[in-house]
Amino acid sequence: MVDLFLGRVLVKNNKDQDELDTEREIVLRLQNRILMLLFASAACESCQKFAPTLHDFFKRLTDEFYVDRSAQLVLLYISLDQSEEQQESFLKELPKKCLFLAYEDPYRKELRAAFNVEELPTVVVLRPDCSVLNPNAVDEICRLGPDCYCNWQEAAELIDRNFMINEDFDENTMRSLSDPLRRLKYKLEDGKKRKKMRTHKRWNMGGEEEEEQVERNEGAGADDDSGGGTPW
């Protein structure tokens with residue numbers, strides 16, 4: 001997932017249109033998430049009809065008003081508009097939390113070709129490893145609504161970060177998707193080993209102290225034998 005957009009500039013669909021243009025920002029936003037690539041155009045009537053449905057779908061999965069914890073889901077608009085004005089117009093129909101590629105970015109057309117997008121709208125759903133989970137989820141979203149996310153989450157074998165310790169996600173990069181889980185496993189194992197070693201050490205120290213005490217007692221006994229008795 002992250003590799004697909006490293007070196008690119010992703011833009012937030014907010015008032016200031018803030019840019020994610022560093023590797024760290026891209027990693028933090030996309031790592032371990034399901035990505036929806038929306039290929040659409042303001043000039044497409046079907047896209048205009050689908051936009052409110054998609055907006056509601058995404059909001060119900062990511063807005064704290066509806067859910068206690070936001071779904072690990074990212075929506076990225078890949079504009080196929082004929083002008084920047086058209087793109088800006090369509091962005092107003094999309095959630096504020098979504099991302100998009102700048103109109104002048106030629107990567108938009110590369111992605112369209114890479115995923116063989118022939119009809120609009122198209123929502124390509126990607127697993128965190130960039131493999132295609134659904135080549136076009138428009139019909140599924142319309143039929144099932146937010147419920148289809150559970151199917152995606154299961155099919156993507158998504159690691160639930162709610163069960164990860166924070167420091168596992170503070171690093172700038174990760175070697176692979178399984179790194180956090182593997183590091184957590186090792187930390188638990190290391191903790192058990194350290195506990196075992198401390199117990200073993202205490203046992204050894206106790207044994208050594210006991211042995212030293214025995215030696216001191218034996219030494220004291222020897223002194224009593226040699227110095228004992230009535231002097232003549």
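Because the model is predicted, local features are taken only at pLDDT of at least 70 and side-chain atom pairs only at pLDDT 80 or more, whereas totals for chains, interfaces and linings use all residues. Residues are numbered from 1 along each chain as its sequence is written, and side-chain values use heavy atoms, with hydrogens and water left out.

**Nonpolar cores**

A nonpolar core is here a set of buried Ala, Val, Leu, Ile, Met, Phe, Trp, Tyr and Cys residues joined through side-chain atoms within 4.5 Å; buried means under 20% relative accessible area, exposed over 50% and partly exposed in between, with a 1.4 Å probe and protein chains only. The largest such core has 34 residues, and those with the most contacts inside it are Met-36, Leu-38, Leu-73, Ile-141 and Trp-152. At least two residues of this core come from each of β3, α3, β4, α4, β6, α6 (138-144) and α7 (148-156), where helices (H or I, at least four residues) and strands (E, at least two) are DSSP runs numbered from the N terminus. The most is given by α3, with seven residues. Another core, of 22 residues, lies apart from it and includes Val-2, Leu-30, Phe-115 and Val-117. In soluble globular proteins, nonpolar side chains tend to be buried together.

Contact means heavy atoms within 4.5 Å. Not counting residues up to four places away in sequence, Leu-38 touches several residues, among them Phe-50, Leu-54, Leu-75, Phe-90, Leu-94 and Val-123.

In helix α4 (residues 84-91), the buried residues are Gln-87, Phe-90 and Leu-91. Seen down the axis of α4, these buried residues fall within an arc of 105°, so they line one face of the helix; the arc is that of the directions from the helix axis to the C-beta atoms. They pack against β3 (34-40), α3 (45-62), β4 (73-79), β5 (99-101) and α5 (107-114).

Strand β6 (residues 122-126) has five of its five residues buried, with Thr-122, Val-124 and Leu-126 on one side and Val-123 and Val-125 on the other. Two strands pair if DSSP finds at least two bridges between them. Five bridges join β3 to β6, and these strands run antiparallel, with Met-36 standing opposite Val-125. Two bridges join β6 to strand β7 (residues 132-134), again antiparallel, and here the bridge partner of Val-125 is Asn-134. The strands β6 and β7 form a hairpin with five residues between them, and Cys-130 in the turn has a positive phi of about 80°.

**Single residues**

| Residue | Relative accessible area | State |
|---|---|---|
| Lys-109 | 62% | exposed |
| Arg-108 | 7% | buried |
| Cys-47 | 1% | buried |
| Cys-98 | 0% | buried |

Leaving aside neighbours within four places in sequence, Arg-108 is in contact with residues including Phe-39, Ile-78, Gln-87, Leu-101 and Tyr-103. A polar atom of the Arg-108 side chain lies 2.3 Å from the backbone oxygen of Ser-79. Between C-alpha atoms, Arg-108 and Tyr-77 are 9.3 Å apart in space and 31 residues apart in sequence, while Lys-109 and Ile-78, 31 residues apart along the chain, are separated by 8.6 Å.

With a disulfide taken as a pair of cysteine sulfur atoms within 2.5 Å, the count comes to zero disulfides.

Conventions
Polar contact = N/O pair within 3.5 Å; in protein donor to acceptor, adjacent residues only side chain to side chain.
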